[in-house]
Amino acid sequence: MKVLEGRSYQLQHPWVGVVNRSQADINRNVDMIAGRRREHEFFVTSPEYGHIASRMGSEYLAKLLSKLLESVIKARIPGIMSLINQSIDELEAELYHLGRPVAVDSGAQLYTILEICRAFDRTFKEHLNGGRPGGDRIYGVFDYQLPAALRKLPFDRHLSLQNVRKVVSEADGYQPHLIAPEQGYRRLIEGALSFFKGPAEASVDAVRASSSSRNCDFFVDGICACCQLKHSFL
């Protein structure tokens with residue numbers, strides 16, 4: 001009795017006495033409802049346990065454990081919510097870094113490219129106008145680096161009379177032309193335009209590097225505009 005009353009040995013939670021079905025009751029197929037009824041009658045009618053009958057029995061133990069479980073859950077909810085919010089933030093940051101899903105149809109792709117171009121234009125102007133750092137370095141790319149690279153392109157060799165004659169002959173053959181050697185001119189133009197690819201890519205990379213020493217500053221909805229424009233147009 002002293003144990004059940006918590007006088008001889010105290011626990012964090014109170015003692016609860018229960019009366020389970022005996023093996024004889026199980027063999028006689030006494031169901032749980034009848035067992036709980038007999039348990040209640042035992043504590044209520046017992047001269048020793050009658051004064052604590054309201055705090056004894058399986059039903060009281062179930063209610064006590066339910067309240068305990070509820071209190072534990074309520075205490076853990078803030079931590080669980082914090083963990084969920086942290087996971088959401090990490091996933092959203094990862095999605096922002098990866099960028100939005102790439103559109104499949106050509107119309108949506110064109111819209112995405114134009115949207116990136118507009119955002120890139122706004123950010124680029126902010127750099128040049130002093131709203132963001134790196135404007136002077138960007139000016140240096142187009143005032144010095146790009147012109148110097150263009151001056152080194154072998155246009156004299158590509159557009160020399162000997163090379164023009166060779167390209168025209170290989171493209172259109174040796175037959176006389178009524179108007180102009182169209183295929184030859186087309187190859188000369190395409191070849192000349194291909195020379196611009198290297199300096200243009202280097203300029204894009206230099207602009208990206210000048211915007212930040214570590215990370216690209218031209219992000220649009222998680223998409224690096226410099227990289228997207230470079231791959232889209234070059």
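The legends below describe close-up views of a predicted model.

**View 1. The buried pair Arg 36 and Glu 39 in helix α2****.** Glu 39 belongs to helix α2, which covers residues 32-45, and a salt bridge joins this residue to Arg 36, with the closest N and O atoms 3.1 Å apart. Because Arg 36 and Glu 39 are three residues apart in helix α2, about one helical turn separates them. Both partners are buried: this holds for Arg 36 as it does for Glu 39. Glu 39 has a relative accessibility of 3%, and it therefore counts as buried, since the cut-off for that class is under 20%. Leaving aside residues up to four places away in sequence, Glu 39 touches Val 18, Val 19, Gly 57 and Ser 58.

**View 2. The salt bridge between Lys 74 and Glu 70 in helix α3****.** Here the closest N and O atoms of Lys 74 and Glu 70 are 3.2 Å apart. Helix α3 covers residues 58-98, and because Lys 74 and Glu 70 are four residues apart within it, they are separated by about one helical turn. Lys 74 is exposed, with a relative accessible area of 53%, whereas Glu 70, with a relative accessible area of 41%, is partly exposed.

**View 3. The salt bridge between Lys 125 and Asp 121 in helix α4****.** The side chains of these two residues, Lys 125 and Asp 121, meet at 3.4 Å, taken from N to O. Both lie in helix α4, four residues apart, which corresponds to about one turn of the helix. Lys 125 is partly exposed at a relative accessible area of 45%, and Asp 121 is likewise partly exposed, at 34%. A search of the whole structure finds three salt bridges, and this view shows one of them. As a general point, side chains of opposite charge can pair when their charged atoms come close.

**View 4. The packing of helix α4 against helix α5****.** Helix α4, made of residues 106-128, packs with helix α5, made of residues 135-151, at an angle of about 105 degrees, and their axes are 7 Å apart. Angles of 65 to 115 degrees count as roughly perpendicular, and α4 and α5 are therefore roughly perpendicular to each other. On the α4 side the contact is made by Phe 124, His 127 and Leu 128, while α5 contributes Gly 135, Ile 138, Tyr 139 and Phe 142. Sorted by class, this contact of α4 with α5 has five nonpolar and two polar residues, and no charged residues.

Terms used. Residues are numbered from 1 along each chain as its sequence is written. This is a predicted model: local features need pLDDT of at least 70, side-chain atom pairs count only at pLDDT 80 or more; totals for chains, interfaces and linings use all residues. Side-chain values use heavy atoms; hydrogens and water are left out. Axes are lines fitted to C-alpha atoms, for helices over the stretch in contact, and angles run from 0 to 180 degrees between N-to-C directions. Helices (H or I, at least four residues) and strands (E, at least two) are DSSP runs, numbered from the N terminus. Angles under 35 degrees count as roughly parallel, over 145 as roughly antiparallel, 65 to 115 as roughly perpendicular and the rest as oblique. Contact means heavy atoms within 4.5 Å. Ala, Val, Leu, Ile, Met, Phe, Trp, Tyr, Cys and Pro count as nonpolar, Asp, Glu, Lys and Arg as charged, and the others, Gly among them, as polar. Buried means under 20% relative accessible area, exposed over 50%, partly exposed in between (1.4 Å probe, protein chains only). A salt bridge is a side-chain nitrogen of Lys or Arg within 4 Å of a carboxyl oxygen of Asp or Glu.
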